[in-house]
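Visitor: I have a model open and would like to learn how to read it. Where do we start?

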Amino acid sequence: MESIVTTEDTIAAIASAISLGKGGIAVIRVSGKEAINACKNIVETNSKYAWNSHRVFHGFIKDNLENKYIDEILISVMQSPNSFTGEDIVELHCHGGVIVVNKVMDILLSNNKEIRIANPGEFSQRAFLNGKIDLTQAESINQLINAKNNKSAEIAFNGVKGEIKKKIDDIKNDLIEQLSEIEARVDFEEDFGDFNYNDFSKNIKNIKDKIETLIENTKRGSYIHNGIAIALIGKTNVGKSSLLNLLSKKDKAIVTSIPGTTRDTIEVNLTIKDIPIKIIDTAGIRETDEYIENIGIEKSFEMIEKSDYVIYLFSLEEGFNKDDEKIIRMIPQEKLITILGNKKDLIDSKKINKKNLSNTVLMSIKKNEGEKALVEKIFKKCGSKEFENIDVFLNERQISNLKDCLKNLNDTDTIIANQLPFDFLSIELRDGIKNLSRITGEELTEELLNNIFSKFCIGK
Ligand SMILES: Nc1nc2c(ncn2[C@@H]2O[C@H](COP(=O)(O)OP(=O)(O)OP(=O)(O)O)[C@@H](O)[C@H]2O)c(=O)[nH]1
Ligand SMILES: [Mg+2]
């Protein structure tokens with residue numbers, strides 16, 4: 001792959017979203033040494049603010065070949081180093097619409113041979129290489145662009161502001177402090193009293209706790225970012241489709257008293273408490289010779305695999321029996337699961353054996369009773385209380401570096417337990433610090449950098 005780690009060329013790209021094809025305005029961003037000259041070649045303007053830095057001015061895009069104006073635009077110039085990339089940037093605010101924007105892009109490129117189209121993420125990469133942002137901020141920009149809900153956008157923006165770097169730097173400083181203590185002893189052992197292994201272990205434990213909290217929060221945060229997929233599973237006629245309709249406030253699925261009504265899976269996307277939720281209604285599970293129904297039942301099991309969470313419904317009228325037990329045993333253990341006893345209205349409430357059903361949500365879906373308790377249960381299981389405390393969301397790369405650092409710290413325990421020399425501790429701490437530096441981008445290879453930024457979209 002051709003390297004994209006270069007800041008020599010001047011690059012251009014459509015920086016605004018054009019996926020819908022229409023919009024009031026669209027922005028073309030040009031960055032690099034030639035940005036201003038290149039735009040001067042294709043813009044005609046009489047503005048007294050023309051080409052001043054950090055001023056917006058008016059002009060026309062001119063097609064020099066055909067000698068005619070293509071669009072009336074606003075232009076802003078941000079001279080180096082006070083720009084997003086740290087280079088000279090010109091932004092051309094054209095009228096939206098795929099045809100106009102692409103035409104302006106064409107004219108820009110054909111009139112300026114020194115300009116090329118930016119690679120995905122190249123603007124952000126330059127911002128990083130020129131020290132305008134650290135790597136976590138660059139990655140958070142990508143996260144912000146891809147956020148699917150308010151909460152997720154809020155958390156991503158914390159990363160853009162530098163919150164991830166702050167947390168990593170904080171852990172790194174703790175480690176540096178421990179390392180200095182060790183290194184001083186390696187060099188001037190005679191000037192120090194006995195090394196307090198207990199204190200050292202305690203300090204390392206505190207650092208490990210901080211790292212583990214970050215990893216744990218990200219796991220929970222993934223629900224905020226990616227949503228929760230919930231499969232409604234149970235025997236036929238227990239009220240799965242009724243529950244889908246109740247939660248979605250729509251008559252999405254057919255409900256009848258005939259067992260085996262639902263054959264195909266039905267999905268509805270909702271947002272509850274700012275979290276995107278996909279509810280999947282499935283075919284009721286039972287022994288049957290019916291060909292189509294069996295395909296549906298197979299699909300129900302596929303949906304269990306694909307979901308994060310299973311609501312297992314049974315009818316209180318019929319009671320929870322061996323068949324239910326059998327199906328529940330087939331649900332993989334890592335899935336979160338809530339058992340829901342439905343049709344509460346059909347039984348005498350005094351007869352409900354509370355002891356056996358202490359962990360079961362009781363509902364009458366038909367009478368719209370118990371929805372709130374169900375939603376609360378789901379959120380509690382997904383760790384919703386802690387959702388509120390989550391302020392940053394780390395990506396896989398960052399988590400993997402954190403785990404490497406954790407491993408270094410665990411190794412210090414082994415070194416101490418085996419009373420190995422100080423130098424060994426110092427090696428692990430140094431390695432741990434290096435792993436943290438990889439997160440913020442102070443310690444990186446070109447290959448990794450290319451890999452990270454190629455995941456961005458063009459224009460970012
Ligand atoms: N009395 C009572 N009936 C209910 C309740 N919930 C659902 N039902 C009825 O139970 C029958 C089956 O409901 P569905 O929602 O179609 O059940 P299902 O689990 O989707 O059934 P299949 O698609 O066949 O697997 C319908 O007649 C519903 O009206 C409830 O809380 N109380
Ligand atoms: Mg159904």
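Guide: With strand pairing. Two strands pair if DSSP finds at least two bridges between them. In this predicted model, Met 78 has Ile 89 of β6 as its bridge partner.

Visitor: In which sense do strand β5 and strand β6 pair, and over how many bridges?

Guide: The sense is antiparallel, and there are five bridges. β5 covers residues 68–78 and β6 covers residues 89–95.

Visitor: What is the order of the strands in the open sheet of seven?

Guide: Read it as β3-β4-β5-β6-β2-β1-β7, with mixed pairing. The edge strands are β3 (43–44) and β7 (115–117), and each of them pairs on one side only.

Visitor: Next, backbone geometry. What should I look for?

Guide: Most peptide bonds are trans, and most residues other than glycine have a negative phi. Then look for exceptions. Ser 80 and Pro 81 are joined by a cis peptide bond, with omega at about 5°. Pro 81 sits in the loop between β5 and β6.

Visitor: Why does Lys 249 count as exposed?

Guide: Use the cut-offs. Buried means under 20% relative accessible area, and exposed means over 50%. Lys 249 counts as exposed because its relative accessibility is 59%. Asn 368 has 45%, so Asn 368 is partly exposed.

Visitor: How many residues of strand β11 are buried?

Guide: Seven of seven, so apply the under-20% cut-off to each of them. β11 spans residues 309–315. Now look at the directions. Tyr 309, Ile 311, Leu 313 and Ser 315 point one way. Val 310, Tyr 312 and Phe 314 point the other way, and these residues are buried too.

Visitor: Which strands pair with β11, and in what sense?

Guide: Take them in turn. Strand β8 (residues 228–234) pairs with β11 in the parallel sense, over five bridges. There, Tyr 309 of β11 is the bridge partner of Ile 230. Strand β12 (residues 336–342) is also parallel to β11, over seven bridges. Opposite Tyr 312 stands Ile 339 in β12.

Visitor: On to the ligand. How many residues surround ligand 1?

Guide: 23 residues surround it, and the closest are Lys 240, Ser 242, Gly 260, Thr 262 and Asp 345. By class, the shell has six nonpolar, 13 polar and four charged residues. Helix α8 (residues 240–248) gives the most to this shell, with three residues.

Visitor: What distances do oxygen atoms of ligand 1 show to the protein?

Guide: An N or O atom in the side chain of Thr 262 is 2.8 Å from a ligand oxygen. For the backbone, a polar atom of Gly 239 is 3.0 Å from an oxygen of ligand 1. A polar backbone atom of Gly 284 is 3.2 Å from a ligand oxygen. Next, check the cover. Alone, ligand 1 exposes 650 Å², and the protein buries 92% of that.

Visitor: Last, which domains does the assignment give?

Guide: Domain 1 (10–133), domain 2 (157–223 + 392–441) and domain 3 (228–307 + 309–381). Taken over C-alpha atoms, the centres of domain 2 and domain 3 are 45 Å apart.

How values were computed:
Residues numbered from 1 in each chain as written. Chains lettered and ligands numbered in written order. Predicted model: local features only at pLDDT ≥ 70, side-chain atom pairs only at ≥ 80, totals over all residues. Heavy atoms only, no water. Near = heavy atom within 4 Å. Polar contact = N/O pair within 3.5 Å; in protein donor to acceptor, adjacent residues only side chain to side chain. Areas by Shrake-Rupley, 256 points an atom, 1.4 Å probe, with all protein chains shown as cover. Helix = DSSP H or I, 4+ residues; strand = E, 2+ residues; numbered from the N terminus. Nonpolar A, V, L, I, M, F, W, Y, C, P; charged D, E, K, R; others polar. Domains from an automatic or database assignment. Buried < 20%, exposed > 50% of the residue type's maximum accessible area, 1.4 Å probe, protein only.
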